Amino acid sequence: MRARRGDFKQWALLAIGGALLMAGSLLMLSGVVDLFAGNHRLVYEKQSQIRAGAPGFPRLTSHYLAEAISRYAIGHEDSGAFILHAADYRDERNVPHRATLYLADADPPSANDRSALARLRHDLWQATMEAIRRHADEDALFLAWWDNGQRIHFFTGREPWAWAPVADAYAEADQRALWGEVGGGFAADEQPLRLWARWLSMDADRALEEMSERLSRDRAVYVLVSLDDLARLAEMERLSGTRLPFETRTFPSGKPIHGSIAQVKRWANEKGGGSYLVQQLPGAGIRAWRITTREGEKTLLARLLPFTGSLAEPLKPMSLVYRSTWAGYLSVYRWRP
């Protein structure tokens, strides 16, 4: 069902109003970036699989019915595990698919940081998927990183531009093995993800020109980005052949929080134009991101994520139609060429 123009306008105005507060806001995330950084060997274990109809099978508000849910524990040899689930399902043409999921019960039901973060991620994704179901055209095409695209398809039925990982995105054999299994196999057609990596790493105006030449205007095109995409920078660089000038640093948390933000601002202004965003890490202070070159601030990725620079100067052809109320964790745009 197509959304009415008035609905889009009201939806966008609400999201933009929240975005104006985003520069100093914080997002509590687990160390997803740390999981794929450094020289430690990545290990993973498939802990369980539960099939539909079995006791304890999760109740999912998804567009497609899951046939099975697998649980994976991912981490370094010297670190705790990050829990990720994967749903196996079939579409209306009986074609099998897999989607990685953040489930609310990803950790034991105890009052710890990991359990709370699993719930937070789950709730933020559920709210975003509900917004897409309500407002995006049923035949809409979604540009997103492959794992985000899988979730969009499973939960809403909308078609993603990229469906699966590309093996060349991973420099290490352990990462290729992990994402080849969890992601349901590598893409038979690598071009969509390679193109998306290229466009994200390009000057935004040039990227939109290429997108205009490549994508049909006969259907609505949307874009979804997540702050978790910053954990995918190495993949984007390998597929695009372009170095992305993003840097991260952890700052100890201070009281009041404005003192920590002042430190982040000074650090961000050392390079580039001072554009930054921050994420709160439970018990570990705040993680800040900065863009180290003026050219980097003009990339499509920088203009889509809630960096201070992109909030001050939104990318006009991208109409913000939804953004997570919790610090802009997920952003959805409709592209209007």
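**Cores.** I started with the largest nonpolar core, which has 88 residues; Trp196, Met211, Leu224, Phe246 and Leu300 touch the most other members. For my own record, a nonpolar core is a set of buried Ala, Val, Leu, Ile, Met, Phe, Trp, Tyr and Cys residues joined through side-chain atoms within 4.5 Å. Buried is under 20% relative accessible area, exposed is over 50% and partly exposed is in between, with a 1.4 Å probe and protein chains only. Helix 3 (residues 113-135) gives the most to this core, with 7 residues. Helices (H or I, at least four residues) and strands (E, at least two) are DSSP runs, numbered from the N terminus.

I also noted a second, separate core of 9 residues, with Val264, Tyr276, Ile286 and Ala288 among them.

**Provenance.** The model is predicted, so I note that local features need pLDDT of at least 70 and side-chain atom pairs count only at pLDDT 80 or more, while totals for chains, interfaces and linings use all residues. Residues are numbered from 1 along each chain as its sequence is written, and side-chain values use heavy atoms, with hydrogens and water left out.

**Leu224.** I listed what leucine 224 is in contact with (heavy atoms within 4.5 Å), leaving aside neighbours within four places in sequence. The list includes Trp125, Thr128, Met129 and Ile132, then Phe142, Leu143 and Ala144, and also Leu330, Ser331 and Val332.

**Helix 6.** Is helix 6 (residues 191-201) mostly covered or mostly uncovered? Mostly covered: 8 of its 11 residues are buried. Those are Pro192, Leu193, Leu195, Trp196, Ala197, Trp199, Leu200 and Ser201. The cover includes strand 5 (141-143), helix 4, helix 7 (204-214), strand 7 (221-226), helix 8 (233-240) and helix 11 (300-304).

**Helix 6 on helix 7.** The two pack at an angle of about 150°, with their axes 9 Å apart. Axes are lines fitted to C-alpha atoms, for helices over the stretch in contact, and angles run from 0 to 180 degrees between N-to-C directions. Helix 6 and helix 7 are therefore roughly antiparallel. From helix 6, Gln191, Leu195, Trp196, Arg198 and Trp199 meet Ala207, Glu210, Met211 and Arg214 of helix 7. By class I get 5 nonpolar, 1 polar and 3 charged residues in this contact. Here Ala, Val, Leu, Ile, Met, Phe, Trp, Tyr, Cys and Pro count as nonpolar, Asp, Glu, Lys and Arg as charged, and the others, Gly among them, as polar.

**Helix 6 on helix 8.** These axes come within 8 Å and cross at roughly 105°, which makes helix 6 roughly perpendicular to helix 8. Leu193, Arg194, Ala197, Arg198, Leu200 and Ser201 of helix 6 meet Met236, Leu239 and Ser240 of helix 8. The class count is 5 nonpolar, 2 polar and 2 charged residues.

In helix 8, I find Leu233, Glu235, Met236, Glu237 and Leu239 buried. What covers them includes helix 4, helix 6, strand 8 (246-251), strand 10 (285-291) and helix 11. Just after helix 8, glycine 241 takes a positive phi of about 70°.

Next I traced an open sheet of 4 strands in the order 1-2-3-4, with antiparallel pairing. Two strands pair if DSSP finds at least two bridges between them. Strand 1 (42-51) and strand 4 (96-101) are the edges, each pairing on one side only. The twist averages 25° from one strand to the next. Helix 4 (residues 146-156) packs on the sheet, touching strand 2 (66-76), strand 3 and strand 4, and its direction makes about 110° with that of strand 4. Helix 5 (residues 173-182) packs there too, touching strands 1, 2, 3 and 4, at about 15° to the direction of strand 1.

Strand 3 (residues 82-90) is joined to strand 4 by 6 bridges, and arginine 90 has proline 96 as its bridge partner. Asparagine 94 lies in the loop between these strands and has a positive phi of about 70° although it is not a glycine.

**Gly157.** Glycine 157 is in the loop between helix 4 and strand 6 (159-160). At 21% relative accessibility, glycine 157 counts as partly exposed.

**Totals.** The chain comes to 12 helices and 12 strands, and buried residues make up 54% of its 337 residues.

Terms used: Parallel < 35°, antiparallel > 145°, perpendicular 65-115°, else oblique.
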